[in-house]
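Trainee: Could you walk me through this model, one question at a time?
Mentor: Gladly; here it is, and we can start with the terms.

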Amino acid sequence: MNGTMEAGAATLASTRAHARHVASDADCDAFIRDIYEQYGPLLIRYAARLLDGDWHRAEDILQETAARAWKHVRLLSTRGEHIRPWLFTVARNLVIDHHRARQVRPLDLMAVEDLDASWDGTESTITSHAVLEALRELKEQHRTVIRLMYSLECSVAQVAEHLGIPPGTVKSRAFYAVRALRKSLEKQGVLGV
């Protein structure tokens, strides 16, 4: 009987702790930290069991469950001991959503035997060398725009900000740079005329 009373007192203390933690917006992170500490390992094991042992995906489920708890912090702070069933229900629903998504978009894996083992990187290496040679023939401003836009995948706005020029100038330089690069590659015989 003492054990039951102690468990009830612990649950009541936990409920008060949760309510105290969510008293203000500044303490929401403490509420989520408590969820991770109290229920994190249990939720990961539960999700991993439902996911056939996929611990990495189970960790993702825990994170998404905590994110949803954070979104509903006002509601959950008043529920006290009823937070555990809510968390496990959310985790179960997330796993179900994961399984449904996998059925709609199954992962296509290719057997190693089906891969083209005859691929030779020689042609790719020669092409890369030819492109590098063609880039060396370009003006510095054209090389810079190509490097930023195509190698580093920067947007026109990012390149314009980096170079301190208008976006229209970036577009113009990119156009003329690609055209000059194409001519140089045609001259080398890499591209057909």
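Mentor: Helices (H or I, at least four residues) and strands (E, at least two) are DSSP runs, numbered from the N terminus. This is a predicted model, where local features need pLDDT of at least 70 and side-chain atom pairs count only at pLDDT 80 or more, while totals for chains, interfaces and linings use all residues. Residues are numbered from 1 along each chain as its sequence is written, and side-chain values use heavy atoms, with hydrogens and water left out.

Trainee: How many helices and strands does the protein have?
Mentor: Along the sequence the pattern reads α-α-α-α-α-α-α-α-α. The count is therefore 9 helices and 0 strands by the DSSP runs.

Trainee: Where does T65 lie, and is T65 buried or exposed?
Mentor: T65 lies in helix α3. Contact means heavy atoms within 4.5 Å, and, not counting residues up to four places away in sequence, T65 touches L43, W86, L87, V90, A91 and L94. Buried means under 20% relative accessible area, exposed over 50% and partly exposed in between (1.4 Å probe, protein chains only). T65 has a relative accessible area of 1%, so T65 is buried.

Trainee: Which side chain does H98 meet in a polar contact?
Mentor: H98 lies in helix α5 and is buried, because its relative accessible area is 16%. A polar contact is a pair of N or O atoms within 3.5 Å; within protein, one must be able to donate a hydrogen and the other to accept it, and residues adjacent in sequence count only if both atoms are side-chain atoms. At 3.1 Å, the side chain joined to that of H98 is R57.

Trainee: Is D52 buried or exposed?
Mentor: The place of D52 is in the loop between α2 and α3. Its phi is near 55 degrees, a positive value in a residue other than glycine. The relative accessibility is 72%, so D52 counts as exposed.

Trainee: At what angle do α7 and α9 pack?
Mentor: Axes are lines fitted to C-alpha atoms, for helices over the stretch in contact, and angles run from 0 to 180 degrees between N-to-C directions. Angles under 35 degrees count as roughly parallel, over 145 as roughly antiparallel, 65 to 115 as roughly perpendicular and the rest as oblique. α7 and α9 are therefore roughly perpendicular to each other. With their axes 9 Å apart, helix α7 (residues 140–151) and helix α9 (residues 167–188) pack at about 100 degrees.
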